Number of protein chains: 2
Amino acid sequence: MQELTDRQKTLLLLLIRDYIETAQPVGSKRLVEHYHLDLSPATIRNEMAALTEMGYLRQPHTSAGRVPSEDGYRYFVSQMMQDAELPRAVQHTIAHQFHQSRADMDQWMTLAASILAHQSQGVSMITAPHAEQARYKHVELISTQGRQVLMVLVMVGGEVSQQILTLAEPVTQERLSQTATRLNGLLAGLAVDAISALATRSDALDQDILILITQEMRRASESNSGEIYTDGLTNVLSEPEFSGSDDARRALKIFEEPATLQDLLARSTTNSNIGGLQVLIGGEGGWEELRQCSMVIARYGVPGMATGTLGVLGPMRMSYARTIPTVRFVAGLLSDLVNDTIVGE
Amino acid sequence: MQELTDRQKTLLLLLIRDYIETAQPVGSKRLVEHYHLDLSPATIRNEMAALTEMGYLRQPHTSAGRVPSEDGYRYFVSQMMQDAELPRAVQHTIAHQFHQSRADMDQWMTLAASILAHQSQGVSMITAPHAEQARYKHVELISTQGRQVLMVLVMVGGEVSQQILTLAEPVTQERLSQTATRLNGLLAGLAVDAISALATRSDALDQDILILITQEMRRASESNSGEIYTDGLTNVLSEPEFSGSDDARRALKIFEEPATLQDLLARSTTNSNIGGLQVLIGGEGGWEELRQCSMVIARYGVPGMATGTLGVLGPMRMSYARTIPTVRFVAGLLSDLVNDTIVGE
DNA sequence: GCATAGCACTCTCGTACAGAGAGTGCTAAC
DNA sequence: GTTAGCACTCTCTGTACGAGAGTGCTATGC
């Protein structure tokens with residue numbers, strides 16, 4: 001593919017920016033008048049024809065203005081990626097909100113989702129951080145009634161799982177506490193595999209609980225585990241390109257099926273690093289339902305310990321200039337939080 | 001208001017059922033042909049004119065069929081309420097799904113929301129059960145790093161709250177465990193008010209934790225506390241009356257703001273009893289955004305101990321015949337579950 | 001007195017069509 | 001290389017019109 005001249009670059013960027021704002025095909029005249037270009041519409045038309053030829057622009061029909069193609073957006077985004085940083089003031093506001101919130105993962109995730117959605121005017125999605133290989137930290141056993149026991153399992157990194165188990169016969173709280181203490185001494189810091197290797201050697205109660213513990217830890221280790229936080233679902237409905245068709249419904253449906261959404265996030269970030277940002281334009285990656293959408297996705301956390309994914313979904317026409325730096329900044333913030341939670345183990 | 005003749009009742013019910021199915025205004029001819037009535041269209045027209053006069057029907061325009069008015073729906077629903085019961089087979093399927101799920105509140109709520117949404121083809125919403133006055137059951141303190149402590153607070157009824165607190169200075173896990181044991185002995189079964197009355201009399205660590213405990217319990221006691229589970233958000237988007245306008249967006253926006261949704265559920269059920277079902281038609285209760293919608297709402301749980309709210313929102317044209325019995329049945333199921341969880345405390 | 005057939009009336013919806021407007025590509029001139 | 005001019009294409013808007021559906025009213029039949 002041929003190199004773009006400086007003027008072509010400028011025009012392409014202007015046009016895309018204009019289209020993102022207005023959602024209207026952009027014509028040569030509008031470009032000249034609106035941006036005070038020292039050129040005539042005819043010249044612009046020539047350039048636009050060239051850009052169309054090269055695949056960066058597209059015409060909805062013969063006599064409409066131009067609209068960016070997917071390649072056009074890609075070029076635009078590649079320009080954005082470098083210098084894009086969130087204004088200091090916004091950074092401070094966001095950081096402040098985090099410091100003011102309740103200090104638990106659940107709140108942080110909810111807050112992060114809300115901030116992402118609000119800043120980007122798109123749909124945000126975040127997975128809670130989790131370790132590839134869960135490690136045991138602590139268990140508590142609390143008797144709730146005769147044979148039912150509430151097990152609270154804490155893993156290194158702060159992940160917590162609650163589960164009720166029903167025992168074969170009633171057990172006193174005292175005995176439960178003893179068991180918990182014993183297990184805590186025995187298992188502290190161990191990974192799932194090590195724990196399952198321990199296997200059979202104690203009494204029936206221990207046995208039941210060990211099984212449940214490994215089961216929960218395996219669940220926590222699965223890449224598709226954990227809650228997904230989303231926000232801004234209705235934002236996408238206000239976009240003009242979605243009103244009137246049921247494309248929006250099909251896209252939102254993805255957000256109603258946690259398994260699908262997990263899959264989407266997992267597949268989209270397999271080969272991306274912490275700190276690295278990925279922009280998927282026009283449903284890249286084979287998501288038919290998202291053909292009209294783009295996603296900005298990043299991983300966060302501490303590699304090898306606990307990581308998660310966050311991202312924003314919007315129309316292809318989304319404001320990359322706002323979304324990209326926001327995603328990057330929030331990813332950084334969450335990485336710091338995860339780091340703080342892990343350090344000192 | 002004048003009494004309806006039997007024939008008028010039949011016609012009204014038929015017409016509403018037809019409209020609910022087709023979303024099209026129903027004319028006299030269609031009514032006769034489709035339901036093999038032994039009357040001529042002209043007669044039906046006379047009756048329909050009477051029903052319109054009485055306020056049960058409405059004409060979109062002079063020459064369209066009739067559409068139910070809100071009063072019409074109310075009449076229809078009042079007929080539904082009595083005999084409506086879910087088919088045995090469906091009851092069994094649902095009950096089966098509950099027994100197969102993981103045995104914790106979170107899973108149950110998610111499942112219930114999913115079932116409600118699926119059965120009714122509307123948007124479901126459920127609040128987790130919570131006590132009007134939270135009572136203490138158990139606390140665990142787990143050191144995560146130097147000065148940060150994870151507190152897991154369990155309340156009577158099974159509500160669990162996790163919170164991280166940062167201490168002024170590092171404390172050993174041993175000391176934390178001792179403190180937890182002491183508190184558990186001291187506070188077991190107490191209500192918030194009793195605990196805050198205890199007040200100052202021990203060391204700084206106890207103090208900090210007590211404050212946090214009462215704080216969390218107060219939060220749990222608030223009527224607007226707790227997570228809300230929803231499902232089926234996209235269902236409403238496929239309804240013809242919402243496609244093309246942004247009414248749907250405004251309605252769905254309510255579901256994105258937990259506080260508003262809490263408020264909606266709380267206000268809609270203030271004077272309803274466990275087991276009682278409430279049907280709000282056309283945004284009754286002053287919700288402008290829901291003017292086109294209806295809600296079927298019920299409370300569940302054990303009065304005085306732990307209760308919650310569940311409901312379905314759909315277009316005014318929703319299938320009451322399916323939704324009402326489903327809501328009633330699921331409310332019963334959840335009440336049983338709550339009861340099982342509490343009994344034996 | 002209730003039910004019905006007939007009929008004129010009203011309103012929506014789809015199609016067709018014309019004119020305005022916007023934007024283009026091309027050519028010729030600067 | 002840039003620009004003015006121009007014919008062309010396509011969308012959009014508004015209007016007209018007929019088909020279709022449904023109504024209300026009136027006169028007639030049982």
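A: Let us begin with a term: helices (H or I, at least four residues) and strands (E, at least two) are DSSP runs, numbered from the N terminus. The model discussed here is predicted.

Q: Which element gives the largest share of the surface near DNA strand D?

A: A residue is near a strand if its C-beta atom, placed from the backbone, lies within 6 Å of it. Here the largest share, four residues, is supplied by helix 3 of chain B.

Q: Which residues come nearest to DNA strand D?

A: There are 20 residues around DNA strand D, and those that come nearest are A:Thr43, A:Thr62, A:Ser63, B:Gly27 and B:Ser28. Two or more residues are given to this surface by each of helix 3 (41–54) of chain A, helix 2 (28–35) of chain B and helix 3 (41–53) of chain B. Sorted by class, the surface near DNA strand D has ten polar, six nonpolar and four charged residues.

Q: Which residues make the contact between helix 1 and helix 4 of chain B?

A: Helix 1 of chain B contributes B:Leu12, B:Leu13 and B:Ile16, while helix 4 of chain B contributes B:Gly72, B:Tyr73, B:Tyr75, B:Phe76 and B:Gln79. Of the residues in this contact, six are nonpolar, two are polar and none is charged.

Q: What is the strand order of the open sheet in chain B?

A: The order of its five strands is 7-3-10-9-8, with antiparallel pairing. Strand 7 (228–231) and strand 8 (277–281) of chain B each have a single partner strand, so one side of each lacks a neighbour in the sheet. From one strand to the next, the twist averages 15 degrees.

Q: How many bridges join strand 9 and strand 10 of chain B?

A: Strand 9 (residues 293–302) and strand 10 (residues 306–315) of chain B pair in the antiparallel sense over ten bridges. B:Ser294 lies opposite B:Gly314 of strand 10 of chain B.

Q: How many residues of chain B are in contact with chain A?

A: The contact involves 33 residues of chain B and 34 residues of chain A. On the chain B side, strand 4 (136–145), strand 5 (148–155), strand 6 (160–166) and helix 10 (247–256) each supply at least two residues. That side has twelve nonpolar, twelve polar and nine charged residues.

Note on methods: Residues are numbered from 1 along each chain as its sequence is written. Chains are lettered from A and ligands numbered from 1 in the order in which they are written. This is a predicted model: local features need pLDDT of at least 70, side-chain atom pairs count only at pLDDT 80 or more; totals for chains, interfaces and linings use all residues. Ala, Val, Leu, Ile, Met, Phe, Trp, Tyr, Cys and Pro count as nonpolar, Asp, Glu, Lys and Arg as charged, and the others, Gly among them, as polar. Two strands pair if DSSP finds at least two bridges between them. Axes are lines fitted to C-alpha atoms, for helices over the stretch in contact, and angles run from 0 to 180 degrees between N-to-C directions. Two residues are in contact if their C-beta atoms, placed from the backbone, lie within 7 Å.
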